[in-house]
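Biologist: I would like to learn how to read the features of a model. Please take me through them one at a time.

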Amino acid sequence: MWGLASYIKPYLKFVILGPLFMILEVFFDLMQPTLAAHIVDFGVVPRDFNVIERTGLLMAAVTVLSLVTGVGCNLFASRASQNFGADIREALFRKVQTFSFDNMNKFQSGSLITRMTNDVVQVQNLLQMALQGLVRAPSLLIGSVVMALIINLRLGLILLGTLIVLIVVLVLLIRSSSPLFAAVQTKLDAVNTRIQENLAGIRVIKAFVRSGYEKGQFREVNRDYTEISIRAARFIALNSPIVTFIMNSCLVAILLYGGNQVSSGLGQVGDLIAFVNYVVQVLSSLLMVSGLLMNVSQANVSAKRIREVLDTHSAIEEMKQQEKTAPIRAEHVKLEQVSFSYNGSTAGKDLILKDISIEARRGETVAIIGATGSGKSTLVQLLPRLYDVTSGSIQIDGTDIRELPLIALRKRIGMILQDAFLFTGTIRDNIAFGKPDATQEEIEAAAITAQAHDFISKLPEGYSTKLGQRGVNLSGGQKQRLSIARALLVKPPILIMDDSTSALDLITERRLRDALKQLTGDNITFLIAQRISSVMEAQQILVIDEGEIVGRGTHAELLATCDVYQDIYRSQYGKQEVSYGKQQSFQS
Amino acid sequence: MANSNPSNPNASTSKAPASFDQMGFRPGGGPQHAGVPRVRSKNASGTMRRIWGYLKQQRQALLWVILCTVLTSVLALLGPYLIGRMIDDYVMPKQFEGFVGMGMILLGVYLLSALFTWFQQYMASSLSQNTVRDMREDLFNQYQRLPVQFFDQKTHGELMSRTTNDIANVSNTLNQTVVQLISSVLMLVGSLVMMLTLSLWMTLITMLTIPLIAFITKRISKYMRHYFSEQQKQLGEVNGFVQENISGLKVVKVFGREEKAVEQFREINEQLRAIGVKAQSLSGSMGPMMNTMRNISFLVIAVFGAVFAYHDMITVGIIVSFLNYSNQFSQPINQLANQYNMFQSAIAGAERVFEVLDLKPEMSDEEAPRSQQALIHGEVVFENVCFGYKPEVDVLKGVSLHAHPGQMIALVGPTGAGKTTVINLLTRFYDIRSGRIMIDGKDIQQLDKQVLRQQIGLVLQDAYVFSGTIRDNIRYGRLDATDREVEEAARLANADAFIRKLPHGYDTLLSAEGGNLSQGQRQLLTIARAVLANPCILILDEATSSVDTRTELHIQEAMKTLMKGRTSFVIAHRLSTIQEADAILVIQDGRITEQGTHDQLIARNGFYNRMYQNQFAATAQ
């Protein structure tokens with residue numbers, strides 16, 4: 001939690017005032033029992049009405065002061081914690097925007113989301129609690145004991161002694177309950193896993209008629225979990241009665257001893273009244289403290305997770321306002337002996353890509369085909385510097401891309417990722433994502449090329465249709481076409497398509513290819529695909545296997561010379577077709 | 001000033017609750033849930049009755065819990081009274097004979113109270129956990145009975161939430177709230193009675209502060225709820241924005257939209273900041289407010305008590321008793337308000353669970369009259385079948401086909417045209433609207449679903465495996481298969497080779513979503529499973545987009561082996577499969593537009609021909 005101290009600094013004055021006011025409030029609260037004792041001892045017993053009056057007024061004043069300081073503390077604490085939380089949230093968001101793909105891989109997206117939402121709330125609440133509860137409970141505890149000792153030393157010592165016994169007992173109880181908690185959690189996980197699997201695989205279960213079997217399995221884990229939950233609950237139930245009984249015994253002891261004192265003239269009745277209240281105070285503060293400590297340790301975990309994100313160094317410095325240079329056209333893209341590994345080492349076993357050299361000129365389509373995991377996607381992600389090469393260089397028109405302003409570089413590369421991610425908003429907003437001020441004509445033109453205009457026009461609200469959770473759900477193929485339109489709108493000189501047509505049927509894909517040919521005859525296209533039919537027409541086809549280029553050429557050349565390519569072809573078309581393809585004609 | 005009472009173990013502030021994290025002391029010692037927005041349930045009394053139905057099953061535990069609650073409440077009421085007596089009868093008049101004896105009685109009362117409290121919780125834990133266990137099991141069993149339609153319409157997240165969160169809520173509530181409800185009522189009434197017996201005047205004075213507290217609490221709660229829900233809404237927006245941004249971060253970066261995103265975020269974050277401060281200030285002030293109320297009532301009792309004692313209307317001991325009783329009286333009121341909200345949300349949760357339990361199951365547990373010997377031939381006929389997932393939209397329009405036993409039928413066509421639907425209908429995951437589907441001459445509507453499905457083997461696109469060993473997963477096809485048979489099935493499915501290469505072979509444990517195997521390997525396992533099940537009709541979905549070539553070939557071979565001698569319906573993606581099919585059905589727009597063998601369809605020069613040409617057109621330059 002100290003790691004986040006810099007975010008607390010701007011609100012230091014609240015952080016100091018809050019606890020201060022809380023201590024004052026506690027002080028005023030602790031006075032009440034003493035004042036009540038005063039009334040009895042000096043007002044009722046000796047029958048002095050003035051004392052009753054004056055003390056009464058004093059108690060009223062103290063009540064008001066307690067209210068004021070209590071509310072004040074809360075105001076300060078709220079301001080401190082909410083602002084603290086908002087600042088951290090913003091810092092996290094900014095930081096994440098600067099993340100490179102490398103950074104993103106280190107934290108999974110689910111974890112990032114939790115860190116930016118849940119964890120922030122945890123530390124925020126912790127600060128609030130620290131300024132209020134964590135000050136109040138111990139203060140009440142210590143204050144009560146101190147007041148008790150002041151009023152009546154001997155009785156106070158009984159209280160103190162009990163307190164120590166209590167603390168020991170509580171610690172023991174907490175220690176022994178944590179293994180129980182862990183066990184409960186494990187059994188609960190088993191139950192949830194069973195349920196989750198059943199929900200996801202219900203078709204299989206029904207198809208194989210395994211309902212009876214599954215019911216039996218579930219019964220078992222359910223009962224297991226119930227048993228251990230009961231055991232844990234029963235153990236925890238010991239807590240309250242034991243603690244309460246100890247305090248009550250203390251109370252009886254105090255009454256007896258105190259009564260004795262009164263009888264021998266060493267003590268006063270009022271003391272007993274005060275003591276009854278202080279005993280209660282000590283008990284509840286103790287419980288409060290133990291509860292708060294639990295929260296503190298939980299929040300500490302959150303603080304650590306937040307720090308992990310904030311401390312991440314982004315390898316590729318981004319978001320700095322770059323000077324505007326002349327727009328990069330792209331006549332010539334060259335990859336020279338490019339190698340890449342995730343951890344930066346050049347050891348053979350770590351390299352995802354080995355010694356890749358590619359050249360492409362304006363007007364060309366370079367297709368990349370290969371098995372899953374062969375490195376295709378990583379390769380094209382090097383172009384917009386989503387990752388940086390480990391060795392070798394990538395040049396556009398003779399300039400190494402690392403010397404170009406990042407934003408300008410990326411604006412000149414249109415990239416269509418495998419996963420067609422769309423944002424909530426209208427279709428228009430989504431297509432215009434890369435160029436928010438695009439005109440309707442530009443948007444439609446891009447959609448027409450991407451073969452999306454037809455289905456968009458058929459929707460009741462057309463381009464204004466809302467997408468997302470509360471909006472329309474599109475099919476996989478439709479989403480892909482929208483993401484293609486999105487990239488096309490920017491009119492990028494370099495276009496990268498990473499398996500972006502997998503959800504389209506062959507006819508639509510064909511039309512798309514034809515449309516692209518017309519529109520983008522003027523740029524360089526990098527195309528990654530699984531289907532031979534998608535790459536067949538490229539000027540250059542690269543076959544990648546295990547990070548290396550094992551084949552380079554046109555479709556016909558590869559079919560004749562490259563084993564891997566033939567393998568792939570055969571698996572997609574069957575044996576006879578290999579010969580068909582070679583002959584470039586077929587009989588019907 | 002006192003804010004809890006040691007002699008009342010049922011008051012939540014002095015009791016260590018079932019789990020430490022329920023100790024939720026708000027800073028300032030205020031009530032913890034005062035700002036929770038109200039979740040309205042639709043039929044609270046009906047739902048409560050049903051929960052009661054579950055509770056009733058544990059008669060013994062229930063009785064003990066009630067008994068103990070009553071006892072502990074009574075004992076809690078005795079405490080302050082005895083203390084008062086000790087002061088009045090012994091301390092004040094300085095008469096100490098029997099003082100210690102009285103003290104021992106008090107100690108005895110506390111001891112009994114502790115014992116009964118523990119026993120009450122002891123019984124309550126089994127009561128609530130067992131009730132919840134039964135609910136969970138009922139829900140799970142219901143899931144097994146519901147038609148596939150249900151699962152297609154709801155997200156898994158939502159269903160999981162019902163099964164875990166909602167039910168956990170119910171158990172927590174049963175544990176805490178119900179007990180507190182009883183004890184709170186008892187304490188309320190009991191304290192009132194005790195106070196009245198001690199002093200009418202003091203009771204009246206004390207009562208005056210109650211409405212004041214109630215009124216102020218209500219007022220502040222209302223404000224709080226409003227701001228709290230605003231805050232929740234805003235928080236939801238921020239979280240939603242974050243989630244979307246992170247999920248699509250790659251796209252944001254690729255299009256260079258980081259700055260814009262930060263701008264948008266700032267806007268909503270600032271709104272959250274502003275309303276957060278307001279909401280927190282308000283809800284946090286609840287604590288000091290409540291504190292003050294208690295201080296006021298303490299003050300009133302002390303001062304008026306002193307005045308009355310001054311006039312000899314009451315004794316000092318009574319003042320002490322009253323200070324305690326007034327707590328025991330006001331606390332339950334507070335708690336009832338808090339617990340009410342928690343209670344409501346738990347009831348709402350239980351309602352969601354009962355909603356599912358009340359749905360009509362696909363089939364009853366006692367099987368419908370079995371009208372069959374097992375199907376053995378596998379002759380499938382579709383007669384003019386019409387069907388749609390939604391009532392207005394037809395996905396299949398008058399589909400007719402005839403598959404002879406052992407034939408391989410390939411289904412081809414654009415996505416969304418209805419191929420998967422044919423499968424859904426054949427297995428009766430969904431039922432047709434009009435027309436007939438017959439297997440071996442019998443209408444499948446007349447067949448028991450279980451028997452029908454036992455004879456149809458499914459190898460689906462997403463190869464679903466369960467957590468467990470590889471052996472278990474394959475054995476799922478036929479639970480009584482021997483290890484030998486399992487391995488034989490794996491061999492036929494081309495899976496045996498890679499399984500043996502694994503460090504633990506067949507006993508390798510698979511993770512929940514089969515994470516330690518590749519897609520292709522999982523696919524092979526599902527084929528092995530189907531081989532073992534040995535059905536007479538087979539349904540295969542060939543889509544395998546992310547499989548490497550070698551495994552791809554293995555899968556193809558395995559599928560061919562599997563299809564031998566069985567009537568197979570294949571959603572075909574590979575030309576080789578299509579060409580070898582006995583019949584190809586081209587499904588477009590819910591209709592079968594073309595039927596025939598590969599050669600026949602090429603000759604027809606229709607859609608199929610065009611599709612086929614597409615594969616090769618480019619090479620004919």
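Biologist: What should I know before I start?

Modeller: This is a predicted model: local features need pLDDT of at least 70, side-chain atom pairs count only at pLDDT 80 or more, and totals for chains, interfaces and linings use all residues. Residues are numbered from 1 along each chain as its sequence is written, chains are lettered from A and ligands numbered from 1 in the order in which they are written, and side-chain values use heavy atoms, with hydrogens and water left out.

Biologist: How many cavities of 30 Å³ or more are there?

Modeller: General idea first. Rolling a probe the size of a water molecule over the atoms shows where empty space is left. A cavity is a set of points, on a 1 Å grid over the protein atoms alone, where a 1.4 Å probe fits but cannot get out; lining residues have an atom within 4 Å of a point. Points are joined across faces, edges and corners, and the volume is the space filled by probe spheres set on them. Here the count is 13 cavities of 30 Å³ or more.

Biologist: Which residues line the second largest cavity?

Modeller: That cavity holds about 80 Å³ of space. Its lining includes Met408(B), Glu542(B), Lys560(B), Arg574(B) and Glu580(B). Helix 16 (549-563) and helix 17 (575-580) of chain B each give two or more residues to the lining. Helices (H or I, at least four residues) and strands (E, at least two) are DSSP runs, numbered from the N terminus. Helix 16 of chain B has the largest share, four residues. By type, the lining has three nonpolar, three polar and four charged residues. Ala, Val, Leu, Ile, Met, Phe, Trp, Tyr, Cys and Pro count as nonpolar, Asp, Glu, Lys and Arg as charged, and the others, Gly among them, as polar.

Biologist: Which residues form the nonpolar patch on the surface?

Modeller: A patch takes residues with over 30% relative accessible area and no salt bridge; nonpolar side chains (Val, Leu, Ile, Met, Phe, Trp, Tyr) are joined within 5 Å, like charges within 9 Å. Areas come from the Shrake-Rupley method with a 1.4 Å probe; for residues, only the protein chains shown count as cover. In this model, Leu196(B), Leu200(B), Trp201(B), Leu204(B) and Met313(B) make up the patch, with about 530 Å² of accessible area together. Helix 6 (residues 200-247) of chain B gives the most, three residues. Met313(B) sits in the loop between helix 8 (258-310) and helix 9 (316-357) of chain B.

Biologist: Is Met313(B) buried or partly exposed, and at what relative accessible area?

Modeller: Buried means under 20% relative accessible area, exposed over 50%, and partly exposed in between (1.4 Å probe, protein chains only). Met313(B) has 42%, so it is partly exposed.

Biologist: What links Arg471(B) and Asp507(B)?

Modeller: A salt bridge, 3.6 Å from N to O. Arg471(B) lies in helix 12 (residues 470-475) of chain B and Asp507(B) in the loop between helix 14 (496-501) and strand 8 (509-510), so the bridge ties together parts 36 residues apart in sequence. Arg471(B) is buried at 13%, whereas Asp507(B) is partly exposed at 45%. Both belong to a salt-bridge network that also includes Arg475(B), Asp483(B) and Glu487(B).

Terms used
1 Å grid on protein atoms, 1.4 Å probe; cavity = no way out; pocket = protein on both sides within 12 Å on 5 of 7 lines; lining within 4 Å. Salt bridge = Lys/Arg side-chain N within 4 Å of Asp/Glu carboxyl O.
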